[in-house]
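This report describes a structure in terms of its sheets, helices, backbone geometry and chain contact. The sequence and coordinates are shown first.

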Number of protein chains: 2
Amino acid sequence: MRFFPKEFFCGFVSSQSGLIKFRNMKVAIAQLNFLIGDFKGNVEKMKRAVDSAKEENTDIICFSELATCGYPARDFLDFDNFIQLCDQAIAELTALTDGIAIVVGSPSRNPVPEGKDLYNSAYFLADKKILHVQHKALLPTYDVFDEYRYFEPASTFKIVQYRDKKIALTVCEDIWNIGNENPLYTTCPLDEMVKQKPDFVINVSASPFTYQHAQDRIDIVKENLNRYKLPLFYVNHIGAQTELIFDGGSLVGAPNGNIHAELPFFEEAIQYFQLKDIVENKEEKVQAKDKIELIHDALVLGIQDYFKKLGFTKTIIGLSGGIDSAVTTVLAARALGAENVRCVLMPSQYSSDHSVNDARALAANLGIQYDIMPIESVYQSFEQILTPHFIGTSPNVTEENIQARIRGMLLMAMSNKFGNIVLNTSNKSEMAVGYGTLYGDMCGGISVLGDVYKTEVFALAKYMNKDGEVIPENTITKPPSAELRPDQKDSDSLPPYDILDDILFEYIENTKGPEEIIEMGYNAKLVKRILRMVNINEFKRYQTAPVLRVSRKAFGMGRRMPIVGKYLS
Amino acid sequence: MRFFPKEFFCGFVSSQSGLIKFRNMKVAIAQLNFLIGDFKGNVEKMKRAVDSAKEENTDIICFSELATCGYPARDFLDFDNFIQLCDQAIAELTALTDGIAIVVGSPSRNPVPEGKDLYNSAYFLADKKILHVQHKALLPTYDVFDEYRYFEPASTFKIVQYRDKKIALTVCEDIWNIGNENPLYTTCPLDEMVKQKPDFVINVSASPFTYQHAQDRIDIVKENLNRYKLPLFYVNHIGAQTELIFDGGSLVGAPNGNIHAELPFFEEAIQYFQLKDIVENKEEKVQAKDKIELIHDALVLGIQDYFKKLGFTKTIIGLSGGIDSAVTTVLAARALGAENVRCVLMPSQYSSDHSVNDARALAANLGIQYDIMPIESVYQSFEQILTPHFIGTSPNVTEENIQARIRGMLLMAMSNKFGNIVLNTSNKSEMAVGYGTLYGDMCGGISVLGDVYKTEVFALAKYMNKDGEVIPENTITKPPSAELRPDQKDSDSLPPYDILDDILFEYIENTKGPEEIIEMGYNAKLVKRILRMVNINEFKRYQTAPVLRVSRKAFGMGRRMPIVGKYLS
């Protein structure tokens, strides 16, 4: 039952005034797309959000983790100049806090000489002052995360009072160790903070996307709700930073354990919430999550931001008629617009007619420009140079690689001449076993499908065709082939993709050893052969493009393997 | 003054016997070259060392950090199967400890669920038992080090008693925080251990080479000697692991503060020391260290181990007549033998006569095989394909890149056909500013000079010629040029290398910001231009070969930068 009109409780009531007992509060979640190191742009974007929030009579607006400098800024954090610019951004945001409070993530300096130089902090800015700074305690240092490289963990936990409310500020991972049940950590920040009786919790996050992560996020927020029975505002970053994609999907949790609201995926959003409504929550509101749809949308955003943030608009893709380049091209067209996608068909003497036809059909379906550059003449000129040096040898993978590299070179030439970025089309299965040519089909600015197994590429193609044929049916149904020698099929060198992908998943995602995988029922010789292929091809993956990450274990910064070694190899 | 013959104090005296009071002790330092994941090979190598040590009546033999599995094993440490093999190696080593104790580094499991799953431990094996396990407390997580990614830090410090001696075991970084003066850490393991009155200290290390590091190591060991006044055995790893080079140079420190012995650099060695001699030390024995000589020897080992450990013997190098490829070729010939080095001269229409002559002269000086493959015909066939698509455009960097990529492709074709590895010849200065072609001259299995500034490459060339001309004088004295267009000079696009290198050093090694560098007296516009070039070319460095690390800050795993960003760019 409401004694006063709702509006009465909101808005510009100073915590110092003491005239009215302040009961309700309006909190804004701003999930925005920041650019690493773009202090001016990031602050301007937050300023616009603060202006809107002021018009809405918002009490507190929340931005994501390390929002000032972008996440992950990586070794830029080692530059004193970079940290000065973070501090300056905080000063500029502090100046905006007349009548509104801002919660924002930024690095802060460790004032004592012992320990790392920085903290990963949540700032509470209000009344033109830094009212409170809470440092992050749980520093993820695994997979793609390197936080202990830069940050000292928090050792003190203090809540902040703003107006008549007490607020527990936390940073990302800090809420992921519920009651010390996450074996990675020995402390649980909220267990400490609840002793100080906060009214609600704010968590500023930059939690990168995987196709399981949106659900993981809901699960962990619910665990927090059930344990602490406090409203929780979880503000995530949105936007892609090279290989890492942040999907947004920020959450508001109600004390009754329900998800009160889930912000949209893969787009910027500002939403406003009355604390009272959250406390009185009756129903859960979450979005449906389909794995392939999530991957699709994530990859579109990943391409989009890679280009936009680097200042490029156009791409060039080698179209083979096969499924990987087809799916990559559709994603590119959806990310950049068909008018910004240019394809090159580069048939050789081993290309089948259907390949060229399938590639043309795809280009027509999408309405994209394409060029045809047969590579035979260049191949012959290479042959001419090399033949005298190859006397006494037989054709082998060398000749196949030359074809792949000629194609890579033509794409790079078009890229250099017209200022468009080559998209890499390798999938995770072939990257895993080294079924690709370094500097050939492994070239490109960013790898779109490098974290998508071949079986998932097929699922993506079918998803793309759900409302009518985009990818020619023949591209989906024909047996995969690199077409680098007569009648070549992937199945000549590799097991069927469903078996290959399962074994790879157990090894890469689940870090199972050969015995464990064999015990699951797979052929022992095959398992050993595949694991060996993964390990001896580390040198190729080292030199390929960064991979848009969609799974829990992507190649690249999250999987760091020795090149020289002798394990399962 | 000696009351008993020295021998009397050494050898097979059981700590249980109690018959003779044991006063002296013979300790062996074995700095050996391990291969990551090669448990069988690593254990066999240690077994041979133990056998020799037994013949020498040694009491304790010490191996380096994580010797069982090799260092750095990186994410292999996430595989339970890998850790089982480490445990098995420890069991095999334990079985050897009849009459001798073994100190060896290996991962050990954290028995409690909280915290990381592993410790980075020093095992003390004796009397066929694991007598003690001391975990590492200070886990380097900066530059090339990721130890907190895998390991839980030690929280307890216990010394071990063996025969009549009490020994403080430490692991690498544990002795680098003298009296808590290293601002990175808040604990000092030896400060804790000395309370238990150890007789001496053993430190098992895997401390990678930089040209300053041999001196750093002596300095830190001396600081420990001066503080604790105890004999100290510092056992370092030797051997290269892809980009990381371990130089050996293990140390024995005397309580009087002197370096009692320094083991050789860049080679395996086992040396024996009587504790009594160390205690009675009168003079310091250290090797002279010249920066360029150290870099030279490190790179030779780096090449050697990259090939040997991958099972290759032969290299192929593109020889341009310029200084980078010349220095790389000399290093390769010294590492692999002239008979295993094959060069390819790939002149274009822009190559000067002197380039081909200088390259031939070098090949003759070294007695290496070379082939000449003019690239004009292939270039023309590329031009033929591309011309219709390039209508309305002017020649630019595209055409230069095509030449560089044709060369890369020819080298890769020779590599694929003959099973030899291409050596990358890019230097640090050009890698820094992006003066190189991705998939062209930036190709190769490993980058030999990627951590050597151009001015240092010149110094290396002069060092190589100290006993007579190896590198043709003209290669050293002529102005550097990529020879990709008529009369091109590096100085057309870049400032003089001495200025460029100084600015790069301040930014890369010293993490100084633009204002700080300008304040040092460099031209503001130039500084900003160079820093921008470094940052916008991160995408190229991401896809190039691993770089043999010789400085405190090499490109690659020790310098992690965002590709997409807007900082100084």
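## Basis of the description

The structure is a predicted model, in which local features need pLDDT of at least 70, side-chain atom pairs count only at pLDDT 80 or more, and totals for chains, interfaces and linings use all residues. Residues are numbered from 1 along each chain as its sequence is written, while chains are lettered from A and ligands numbered from 1 in the order in which they are written.

Helices (H or I, at least four residues) and strands (E, at least two) are DSSP runs, numbered from the N terminus. Residues are in contact if their C-beta atoms, placed from the backbone, lie within 7 Å.

## The sheet from β5 to β14 in chain A

In chain A, six strands make up an open sheet with mixed pairing, ordered β5-β4-β3-β2-β1-β14; two strands pair if DSSP finds at least two bridges between them. Its edges are β5 (129-135) and β14 (269-274) of chain A, each pairing on one side only. From one strand to the next the twist averages 30°. Angles run from 0 to 180 degrees between N-to-C directions, and axes are lines fitted to C-alpha atoms, for helices over the stretch in contact.

Strand β1 (residues 26-31) of chain A is antiparallel to β14(A), with six bridges between them. Opposite A:Ala28 stands A:Tyr272 in β14(A). Helix α1 (residues 39-55) of chain A lies across β1, β2 (60-62), β3 (101-109) and β14 of chain A, at about 150° to β2(A). Helix α2(A) lies across β3, β4 (118-126) and β5 of chain A, at about 160° to β3(A).

## The sheet from β6 to β13 in chain A

Another open sheet in chain A has six strands in the order β6-β7-β8-β9-β12-β13, again with mixed pairing. Strands β6 and β13 (259-262) of chain A are the edge strands, each with pairing on one side only. The twist here averages 20° from one strand to the next.

Within this sheet, β7(A) and strand β8 (residues 200-204) of chain A pair in the parallel sense over five bridges. A:Ala168 has A:Val201 as its bridge partner in β8(A). Helix α5 (residues 213-228) of chain A packs on the sheet and touches β8, β9 (232-235), β12 (251-253) and β13 of chain A, with its direction at about 25° to that of β12(A).

## Helix packing in chain B

Two packed helices are described by the angle between their axes and the distance between the axes. In chain B, the axes of helix α7 (residues 291-310) and helix α8 (residues 323-336) come within 8 Å and cross at roughly 60°. The two helices, α7(B) and α8(B), are therefore oblique to each other (angles under 35 degrees count as roughly parallel, over 145 as roughly antiparallel, 65 to 115 as roughly perpendicular and the rest as oblique).

The contact is formed by B:Leu299, B:Val300, B:Ile303, B:Gln304 and B:Phe307 of α7(B) with B:Leu331, B:Ala332, B:Arg334, B:Ala335 and B:Leu336 of α8(B). By class, this contact has eight nonpolar, one polar and one charged residues. Ala, Val, Leu, Ile, Met, Phe, Trp, Tyr, Cys and Pro count as nonpolar, Asp, Glu, Lys and Arg as charged, and the others, Gly among them, as polar.

## Backbone features in loops

Most residues other than glycine have a negative phi, and most peptide bonds are trans. A cis peptide bond joins A:Tyr71 to A:Pro72, with omega about -5°; A:Pro72 lies in the loop between β2 and α2 of chain A. In chain B, the bond from B:Tyr71 to B:Pro72 is cis, with omega near -5°.

B:Leu66, in the loop between β2 and α2 of chain B, has a positive phi of about 50°. B:Leu66 is buried, with 29 other C-beta atoms within 10 Å. A:Arg163 has phi near 50° and lies in the loop between β6 (160-162) and β7 (165-171) of chain A. A:Arg163 counts as partly exposed, with 18 C-beta neighbours inside 10 Å. A residue is buried if 20 or more other C-beta atoms lie within 10 Å of its own, exposed if 12 or fewer, and partly exposed in between, with C-beta atoms placed from the backbone.

## Contact between the chains

The contact takes 78 residues from chain A and 79 residues from chain B. On the side of chain A that touches chain B, α11(A) gives the most, with 13 residues. By class, that side of chain A has 37 nonpolar, 24 polar and 17 charged residues.

Definitions and conventions. Contact = placed C-beta atoms within 7 Å.
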